[in-house]
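Thanks, everyone. I have one structure to walk through today. Please have the viewer open.

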Amino acid sequence: MSSGTKNNGHSGAVYAVLSTPNDAGFGTRQFDRCANDEPSELSAFFRRGSRHIIANNKMELKAAGNAFKNRNWIVDLLAIFFGIGTWLGVNGSFIQLPLLVNEAPEGWSLPSYLSVMVQLGNLGPLLYTAFQKYSPWKLNDGWTIHAVLAIGTLSCIFTAFFYNKTATIMGNEHSVALFILTIFTAVNACTSSVLFMPYMGRFKEQYMVTYFIGEGLSGLLPSVTALIQGIGNTGSCVLVNVTETGEEIYEQETQPPLFDTKVFFLILFGLMVLSYIGYTLLHALPLSKREYAQVTVSKGNKYEYGQDDNQPTKVEKLSRGQYIGMLLLMGAISLFSNGMFGSIQSYSSAPYGTRAYHLSATLSVIANPVACFLAMFLHFTSLRVIYVLSTLAAILTGYVFTTAVLSPYPPLYDQTIGMVLVVTAWTLVLGIVSYTKLGITTVMRAQGGQSLVWVGAITQLGSAIGAVSIFFAINYTRYFVAADTSC
């Protein structure tokens, strides 16, 4: 049914070539010959390129046809529940900011403080990685995940009851309880990159996709909850007075939320309990263990994969340069997507109106799980596809950064086409980034060893560098100026 081919010495090689009995004009031998030919002239180059495109299309069509085969839907569901417990608490805290700032003594400086607390959560993966590397005793991943999820679950319920408790530090009142609980919530989130994702490496490749769908839902579900709560309602401008000179005075009138912050975090607590139960069943049920890949897991989270004919794609080993390149690309993508995008989105889209801001925020959150869902049908392990998607993401990133830096008067800010462009750009860039990260993770998973641990570590490193950089750029430079959204 399938044959793996090697393109030694050629960058951007397609790492799987599939043929079917209905192939017309290209047999297995022809594909093998094509993969080993050296380019001697331009026409040969184009012939080889066209054959790679045909083979790659067949691979993707076959993967799409097998999307519902060779998988257990119960395990898929449990993997989604498991993924929800990654960044749920952190995303929920930031989504709840419009209400938190009304009670916090820090006011609208609270997001900056919470960003610092989240970065302190990186102590979790640092300590875990150091212990696994240097300690003669290795932590059991299964029980460690239990502990990490328990920390995240307890943090949510404690936040519900203590988020507004303050204390005086150096003469100033601060939301100390919220800060401490955010650190523990972030420990759960940050550690998931170096612990949860490598754990999923022991399952068949297709379950990594559903895990990423769950991770995307960790941002979508709090957003939907906040929309039901009424946070997305910007209110309306109401005429409250007319001066003697005839000047009309307007004030923004907003409706109270459907439920308060305490109820919001209790809902997140319920979702975290669901995630914990999902992981417990995923780890313990015999039907889950039957979905393990042919893999040997040694101490220190080192994976060695065997050949599994049921896998949708066959991925060959990367060269040292390609391996490092994939890690650096993942770090660069994480630097922008995880570290910077959330901080600049309001600067980029708010000048086009509150409708543009809320559309871009909502659709970009939806784009993440949708992109991961599409990956179930449009699976790829081609470095060329990864490079092309990364280039598109870079172009879109340049556009949204330009609109953010030029705020409050970015290009076409007073025209409908400007709003359409900025909303489309934010939706596409988040979707493409999610799809690309999943592709890189799939390729790196097949490399075995501690590849997924390295992917998680470089993801967190890139995210931390991006968050710290944009924090100083926004708060200590004049590059970013907020648009006036008042009446």
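This is a predicted model: local features need pLDDT of at least 70, side-chain atom pairs count only at pLDDT 80 or more; totals for chains, interfaces and linings use all residues.

The protein chain carries 18 helices and eight strands. Of its 487 residues, 50% count as buried. Now look at contacts between residues at least 6 apart in sequence: 80% of those join residues at least 24 apart.

On to the rings. How many aromatic pairs are there? The count comes to 19. Take phenylalanine 82 with tyrosine 199, an edge-to-face pair. Their centres are 6.0 Å apart, and the planes make an angle of 85 degrees. This pair links distant parts of the chain. Phenylalanine 82 sits in helix α3, residues 73-84, and tyrosine 199 in helix α9, residues 176-200.

Now a second pair: phenylalanine 203 and tyrosine 292. This one is edge-to-face too, at 5.0 Å centre to centre and 85 degrees between the planes. Again, distant parts of the chain are linked, here 89 residues apart. Phenylalanine 203 is in the loop between α9 and α10, and α10 covers 206-229. Tyrosine 292 is in the loop between α12, 286-289, and β7, 295-298. Phenylalanine 203 is buried, because its relative accessibility is 0%. Tyrosine 292 has a relative accessible area of 25%, so it is partly exposed.

Both pairs belong to one aromatic cluster. Its members are Phe82, Phe196, Tyr199, Phe203, Tyr207, Tyr211, Phe212, Tyr279 and Tyr292.

Which residues does it contact, leaving aside neighbours within four places in sequence? Phe82, Gly85, Thr86, Ile145, Val148, Leu149, Asn188, Thr191 and Tyr211. Glycine 83 is 113 residues away from phenylalanine 196 along the chain, yet their C-alpha atoms are separated by 8.2 Å.

That takes us back to α3. Check its length. The helix has 12 residues, and at 1.5 Å a residue it should span 16 Å. The end C-alpha atoms are 17 Å apart, so the two values agree. The buried residues of α3 are Val75, Asp76, Leu78, Ala79, Ile80, Phe82, Gly83 and Ile84. What covers them? The cover includes α4 at 88-95, α8 at 141-162, α9, α10, α11 at 261-284, and α12. Look at the start of the helix as well. There, a side-chain oxygen of asparagine 72 comes within 2.9 Å of the backbone nitrogen of isoleucine 74.

Back in α9, find phenylalanine 179. At 10% relative accessibility, against a cut-off of 20%, phenylalanine 179 counts as buried. Not counting residues up to four places away in sequence, phenylalanine 179 touches Glu106, Leu110, Tyr113, Leu114, Met117 and His174. Threonine 159 is 20 residues from phenylalanine 179 in sequence and 9.8 Å away in space, C-alpha to C-alpha.

The structure holds three cavities of 30 Å³ or more. Which residues line it? Leu100, Glu103, Ala104, Leu110, Tyr163, Asn164, Ser175 and Leu178.

Two last stops. Serine 223 is in helix α10. Its relative accessible area is 15%, so serine 223 is buried. Beyond neighbours within four places in sequence, serine 223 contacts Ile95 and Val365.

Then proline 408, in the loop between α16, 383-405, and α17, 416-445. With a relative accessible area of 23%, proline 408 is partly exposed. Setting aside residues up to four places away, proline 408 touches Pro351, Tyr413, Val481, Ala482 and Ala483. The C-alpha atoms of proline 408 and serine 348 are separated by 8.5 Å, with the two residues 60 apart along the chain.

That's my tour. Over to you.

Methods:
Residues are numbered from 1 along each chain as its sequence is written. Side-chain values use heavy atoms; hydrogens and water are left out. Rings of Phe, Tyr and Trp (its six-membered ring) pair if their centres lie within 6.5 Å; planes under 30 degrees apart count as stacked, over 60 as edge-to-face and the rest as tilted. Helices (H or I, at least four residues) and strands (E, at least two) are DSSP runs, numbered from the N terminus. Buried means under 20% relative accessible area, exposed over 50%, partly exposed in between (1.4 Å probe, protein chains only). The expected span of a helix is 1.5 Å times one less than its number of residues. Contact means heavy atoms within 4.5 Å. A polar contact is a pair of N or O atoms within 3.5 Å; within protein, one must be able to donate a hydrogen and the other to accept it, and residues adjacent in sequence count only if both atoms are side-chain atoms. On a 1 Å grid over the protein atoms alone, a cavity is a set of points where a 1.4 Å probe fits but cannot get out, and a pocket is an open set with protein on both sides within 12 Å along at least five of seven lines; lining residues have an atom within 4 Å of a point. Grid points are joined across faces, edges and corners, and a volume is the space filled by probe spheres set on the points.
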